[in-house]
Amino acid sequence: MRCLQCCREKKIQVNPYEIARLAGNLGISTTEFIARYTLEQGAYLKFNDNGICVFLDHKGCGVHKDRPLVCRLYPIGRQVNEMGDEWFLELQPEAACNGRYGRTATIEDFLEDQGATAYMLAADGYLTLLWEMMEIMDCMSAKMEIRDAADVSVEKENALVEYAEWMDMDAAVRKYCQENKIIFPDKVEDKMHVHIDALRLWINQP
Ligand code: SF4
């Protein structure tokens, strides 16, 4: 029986692929989706004053077909390390949760049932980029330490604005396609591959 407890009191973190899927579900651009339905410029889904996800209605999840990975996997958690090793864990269910862990099926069965594969590939693609970005940011911080504090804070602010623009898949891919005379892809998976290429180019720019 569905209790929908997992759609309350949670910060649902989303990556650009998940945003693109949700935006596609609603027939809007990722730019509009980020402005209307997310917090921290696309980092999390909005929730109301009672802590309920913006997409939960009286029938359940209003975007079920395109729900984020974490919603697909719950009550299982997935972790991946820098070497690409992955493992799964049982999360502690909510106190009022009606869900029960079964013991007869495998994790593979569960992932297939939840349509999780495309989401996990996307998560891994963006996670790899994030690690690359963190390495570059460590080098940048080291360089910044020997510079004037006011200059550094302006630079950091500009970098954050630029980062938010780049995380908006439709806007970033459109810009990249125009600059490189590439046709704007229709399918979200194709768009994601172009997006990851564009992001990698951006974070590695001198
Ligand atoms: S996206 Fe759907 S499944 Fe995920 S928390 Fe929101 S309402 Fe629940």
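This is a predicted model: local features need pLDDT of at least 70, side-chain atom pairs count only at pLDDT 80 or more; totals for chains, interfaces and linings use all residues.
**Entry 1: α7 and α8.** I started with how helix α7 (residues 169-180) sits against helix α8 (residues 188-203). Their axes come within 9 Å and cross at roughly 75°. That angle falls in the range from 65 to 115 degrees, so I noted α7 and α8 as roughly perpendicular to each other. Next I looked up who touches whom: on the α7 side I found Met169, Val173 and Tyr176 among others, and on the α8 side the list includes Met192, His195 and Leu201. The residues of this contact divide into 9 nonpolar, 1 polar and 3 charged.

**Entry 2: α2.** Which residues of helix α2 (residues 30-37) are buried? I found Thr30, Phe33, Ile34 and Tyr37. They lie on the same side of α2, because their arc around the axis is only 105°. These buried residues pack against α1, β1, β2 and α7.

**Entry 3: salt bridges.** I counted 9 salt bridges and looked at a few of them.

- Arginine 36 meets glutamate 32 at 2.8 Å, N to O. Both lie in α2, 4 residues apart, about one turn of the helix. I have arginine 36 as partly exposed at 42%, and glutamate 32 likewise as partly exposed at 33%.
- Arginine 103 pairs with glutamate 90 at 2.9 Å. The arginine sits in the loop between β6 and α4, the glutamate in strand β6, 13 residues apart. Arginine 103 is exposed at 66%, while glutamate 90 is partly exposed at 43%.
- Glutamate 132 meets arginine 200 at 3.0 Å, N to O.

Conventions:
Residues are numbered from 1 along each chain as its sequence is written. Side-chain values use heavy atoms; hydrogens and water are left out. Axes are lines fitted to C-alpha atoms, for helices over the stretch in contact, and angles run from 0 to 180 degrees between N-to-C directions. Helices (H or I, at least four residues) and strands (E, at least two) are DSSP runs, numbered from the N terminus. Angles under 35 degrees count as roughly parallel, over 145 as roughly antiparallel, 65 to 115 as roughly perpendicular and the rest as oblique. Contact means heavy atoms within 4.5 Å. Ala, Val, Leu, Ile, Met, Phe, Trp, Tyr, Cys and Pro count as nonpolar, Asp, Glu, Lys and Arg as charged, and the others, Gly among them, as polar. Buried means under 20% relative accessible area, exposed over 50%, partly exposed in between (1.4 Å probe, protein chains only). The arc is that of the directions from the helix axis to the C-beta atoms. A salt bridge is a side-chain nitrogen of Lys or Arg within 4 Å of a carboxyl oxygen of Asp or Glu.
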